[in-house]
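Reader: I'm new to reading protein models. Could you walk me through this one, question by question?

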Amino acid sequence: MQKHIVVDDFTPIGPTDPIMTATHGGRAKCLQRLVRLDLPVPQTMALSFNALRKIARGETLDIAALVAAFPAGTLLSVRPSSEDPDWGGPSAILNIGMNDARHVDLSNTHGHEAANAIYMRFIAAYAVHVAHLDPDMFDLPDQASEQALADMKFAYEDETDEPFPQDPVKQLTDVLRSMARAWEGTSARLLRTARGAPEDAGLGLVVQEMAFGFGPPESGSGVIQFIDEVTGKPQITGRYMSQSQGREALTGESDAIFLSRDPRGASLEELEPRAFSNLIDYGDLCRVRLREEMQIEFTISNGELRVLDAVRVPRSTRADVRVAVALAQEGIIPQTEALMRVEPMAIGDVLHAQVDPRGRRDAFARGIAASPGAATGRLVFSSRAAQASHAREEPCILVRRETKPEDIRGMHASVGVLTERGGMTSHAAVIARGLGLPCVVGVSDLKLNRRDKTLTSSDGRVFAEGDLVTLDGTAGEVLAGAADLLEPALDETFRTLLGWADEHRDVGVRVNADTVGEARVAKSFDADGIGLCRTEHMFLSEDRLTVMREMIFADTAEDRSAVLARLLPMQREDFVRMFEIMTGRPVVIRLFDPPLHEFLPSNRDAMRDLADALDLPVSTVTRRVEALSEVNPMLGMRGVRLGITVPEIYDMQARAIFEAAAATAKHGAPVTPEIMIPLVSAKREVELIRARIDGVAAAVRTETGVNFDFRLGVMVETPRAALRADEIAQYATFLSFGTNDLTQMTYGLSRDDAGRFMTPYVNQGVFAEDPFHRLDVDGVGELLSIGAERGRSTRPDVVLSICGEHGGDPNSIAFCRNAGFDYVSCSPYRVPVARLAIARLAIAEKVDKTEV
C-alpha cells in the first residue's frame, strides 16, 4: 500500500497524482502516463525539483518515510528525471536496500549466484557514484561467487575505514544526496547549459521498486524499440540478456540475444513468446496513446514482464521526419503538430549525405560547420588540382587558406571544401552552401603548408595531397579515411512534410541562384522564384573569364563595348535558360557587383599567363592590376559605382536580360524580369542607372517587337540606403536587404576575418550570436525596420525582402515576418529550411491567438 507523502517532496506516481514535467521531470511524467495505460510498472515515487534543491542545500528530508512507502524489504532503484532528457543527469543506481540480511533472503529465493550478483552490483555502484572511490577497484568479476562478494566488501571497508552501510534509509539518503550534489556541480551545470538547459534547470528523481532480472525460471532485462533510429523505418531493435539488470543488454555482451526471430541467433520471441507479444502490444499502445515512438526498458522476473521506463526513441532528423509524417498520416497527430516536431535547421540532415552515426569516426581536425553534409575525397590544395581530379572522376576535397572568386571552378569540381580561415559568411561558406557542398572553415588547429601540400593536425598526423579524408560539414569535423555515409533522404515523406508546410506559410521563399544548376535545385525544392542571381558568377568560366579580362584592359568605352558584345550572347543564353527553368516564377537579377580586380590574377605566374593570353607585356598587366587594387575594395569601386563609371557593363547586362525575356515570351512563356542595383546609397544613383536601363529596354522592344515588362529594384546594403529608403523607393518597385554587407557596414566588421575573434566575443557576451550567422535584430534589424517603414511611406506597394545568408536562418526569418516582409531569399539548400520555419511561425501564431 503506497503512503501519500508530502506532495512538495515525495509523490506516488499513480494515475491521478500531481506529477508534472515542469516540477518532477520528463521521466516521472512519462511513468505516470505508462501507469495510466495500465502497463505493469513497478511501484514508483517521484521527488520534485524542489526536494532535490533542499537535499543539495543540506536540508534533511524524511527519507525513512519514503522507504516506508514501499513494502518492507523492497530493493529500490533511483533514476534522474530532468525536464528535458537531452540535459542529462547522474547515473541510475540500482538495488538500494541490499544488505547482508537481504542477501540471505535472496539466496534462499533466487539462489546464491543471483543474490551475490545483485549485492555486488549495488556495492560497485555505491562505491563509485556515492563514495567516489576508484572504479578500477570495483570491476564486476565474471563469476558472482561468495568470495568475490567478500573481496568487494573488504575493498570498500579498506578504502573508507568503515563497513559497507547496512541501513536502507542511510543508503537511500546518501544516494539522493550524491545525485543532488552532482546535478548542482559546476561540471554538470556547464554540460547541461551547453545542451540548451537554463542555468537554474531542476532535476527530479524517481525511486522505484526493483524488478529483479536474476533467478529462475527465466529472468533478465532488455530494451526494445520499434523503429530504426537512423532511418525511422519500422524495425524491432534492441537486445535482451538473461540474468541481468538495467540496460546491460545494450553493452555489447556476447550473451545478449535478439528480440525477434533472427537467423543469427537466439531471440526473446522464441524464449519468452508471451512476454515478446506483450511488448509488441505495449509499443503499439504507446505509439497511439502517447503519440510517439517509444523505447521501452523492461525486466522479466520469474517469467513476469515489468516495464521499468519508456523514453522517446533517440533518433536522427531523417527519422524524426519519417515518424512525424507517419503519425500524421495515420491520424495519431495533426499535420500541424508533425510540422512543429521537426526543427527547421536540423532538416539539413535530410538534404545532404551524412556520416553514419553507427560507424567509426576518426576526427583529426575541427572547425566551423559552415555548410552541412558529408563527402569523402582525396585532398587537393589548388583549384587547378581539383579540376584535374574531377576530370579523372576522382572525388576530391579542396583545401585552401581561404577561397577567393578564382576558386569557384575548383569548388565546382570538388565534393567538399576545407579552409584554414573564415566564418559562417566567408566566401567559402556562402558558395559551398549555394552549391550544396559540405564545408568546414576556420580550422585553426590545422597547419597548412601550401608549398609541401600537407596538412598537419594538432596531434602530429600529417596528411598529404592525395590522402583520403571525409569532410563532415554538419559536425564541423575532418575525419581520416573513408567514413560510412548515409545518402540524402529526399523521398516522398520529405516532400509530404514540406507540402504541408506550404499550406500554412504566409511569407514567400525564393532562392539565391547564380547558375542554371542552382536554379534546377531551387525548382526541385519548390522555391517561389529566384530572389538573387549574382551575375558576376556567370563570368568565371574559362572562356568568359578571358573575355572579361580583355574588357578590363580595354582603354576606351568603345573598346569595352566591343569586348562586352562577345559576352552578350553568353549572358543572354544564361538568362534564357534561367527563365525557362523557373517557368514564369519571378527572377531577380542583380547587376554586376564586385570590384574588377577580383577578375585579375594576384601572383606573378598567373600574371605571366594572362599576359600571354592577351598578348600584352607582363609590365602592362602588372600596372593594370596595381592600378585597380584598392585599400578597402569592399567599400570601393564596386556595385552601382562601377555601373555609373563604367556603364557599358550594365548596358550589356540589361540588354542580355531584355533579349532573353523577349525570346522567352516568343516561345509562349512570358516573364517579367526583376533587375536589382547593388550597393546603392543615394537616390541619384538609382535615377542614373534607371535612365540607362529604360533606354536599353526601349531599344530591345523596338528591335524584337516584343512589349515586355520589367521591374527595377535596389539591394539595400548600406546603412544610408536603409535610412533614405523613402527617397530611393520612389524609383524602385522592390527593396531587397542584403544583410551580409549591411551587417559588415553596420558593425565595421569584415565577414571573412571576423571568424578570428568571433568565438571569444560570443563566449564573453560581447555578441549574443555571430551577427553574420543570426540577424542582429537590435542593430541591423532596426535598420531593416526603418528601411521598410520609410520605403512604404512613399511607395505602399513596394516589395520587401532579404537576400543575405540570414534568409535561411529561422530566427532571422521570424524577425522579417514580423516586420511584414514579402519574402526571404536564401541559398538553394536552405529553401526547405525556410519553408518549414515560416510554416511553424504561422502555426505558433495561430495557437497563441487561440489561447488568448
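Author: Let's start with a group of rings: Tyr-119, Phe-122, Tyr-126, Tyr-156 and Phe-164 make up one aromatic cluster. Rings of Phe, Tyr and Trp (its six-membered ring) pair if their centres lie within 6.5 Å; planes under 30 degrees apart count as stacked, over 60 as edge-to-face and the rest as tilted. This is a predicted model, where local features need pLDDT of at least 70, side-chain atom pairs count only at pLDDT 80 or more, and totals for chains, interfaces and linings use all residues. Residues are numbered from 1 along each chain as its sequence is written, and side-chain values use heavy atoms, with hydrogens and water left out.

Reader: What is the mean pLDDT of the protein chain?

Author: pLDDT is the predictor's confidence in each residue, from 0 to 100. In this chain, 98% of the residues reach 70 or more. The mean for the protein chain is 91.

Reader: How many helices and strands does the chain have?

Author: Helices (H or I, at least four residues) and strands (E, at least two) are DSSP runs, numbered from the N terminus. The C-alpha trace that carries them spans about 105 × 65 × 55 Å along its principal axes. The count is 33 helices and 30 strands.

Reader: What percentage of the residues is buried?

Author: Buried means under 20% relative accessible area, exposed over 50%, and partly exposed in between (1.4 Å probe, protein chains only). The protein chain has 852 residues, and the buried part of them is 55%.

Reader: Back to the rings: why is the pair of Tyr-126 and Phe-164 called edge-to-face?

Author: There are 16 aromatic pairs in the structure. In this one the ring centres of Tyr-126 and Phe-164 are 5.2 Å apart and their planes are at 70 degrees, so the pair is edge-to-face. Tyr-126 sits in helix α6 (residues 112-130), while Phe-164 is in the loop between α7 (146-160) and α8 (168-184), 38 residues apart. Both count as buried, with Tyr-126 at 3% relative accessible area and Phe-164 at 4%.

Reader: How are the planes of Phe-658 and Phe-710 arranged?

Author: Phe-658 is in helix α25 (residues 648-666) and Phe-710 in the loop between α26 (683-704) and β27 (711-716), so the pair ties together parts 52 residues apart in sequence. Both of these residues are buried. Their ring centres are 4.9 Å apart and the planes are at 55 degrees, so the pair is tilted.

Reader: What is the volume of the largest cavity?

Author: On a 1 Å grid over the protein atoms alone, a cavity is a set of points where a 1.4 Å probe fits but cannot get out, and lining residues have an atom within 4 Å of a point. Grid points are joined across faces, edges and corners, and a volume is the space filled by probe spheres set on the points. A search of the whole structure finds five cavities of 30 Å³ or more. The largest has a volume of about 60 Å³.

Reader: Which elements give two or more residues to its lining?

Author: The lining of the largest cavity includes Ser-77, Arg-79, Gln-208, Glu-209 and Thr-299. The elements that give two or more residues to it are β3 (76-82) and β5 (203-209).

Reader: Is Thr-299 buried or exposed?

Author: Thr-299 belongs to strand β8 (residues 294-301). Beyond four places in sequence, its contacts include Ala-211, Gly-220 and Leu-308. With a relative accessible area of 1%, Thr-299 is buried.

Reader: How many residues of helix α32 are buried?

Author: Helix α32 covers residues 810-818. Among its buried residues are Ile-813, Phe-815 and Arg-817.

Reader: Is Glu-393 buried or exposed?

Author: Glu-393 lies in the loop between α15 (383-391) and β14 (396-400). Its phi is positive, about 60 degrees, although it is not a glycine. At 73% relative accessibility, Glu-393 is exposed.

Methods
On a 1 Å grid over the protein atoms alone, a cavity is a set of points where a 1.4 Å probe fits but cannot get out, and a pocket is an open set with protein on both sides within 12 Å along at least five of seven lines; lining residues have an atom within 4 Å of a point. Contact means heavy atoms within 4.5 Å.
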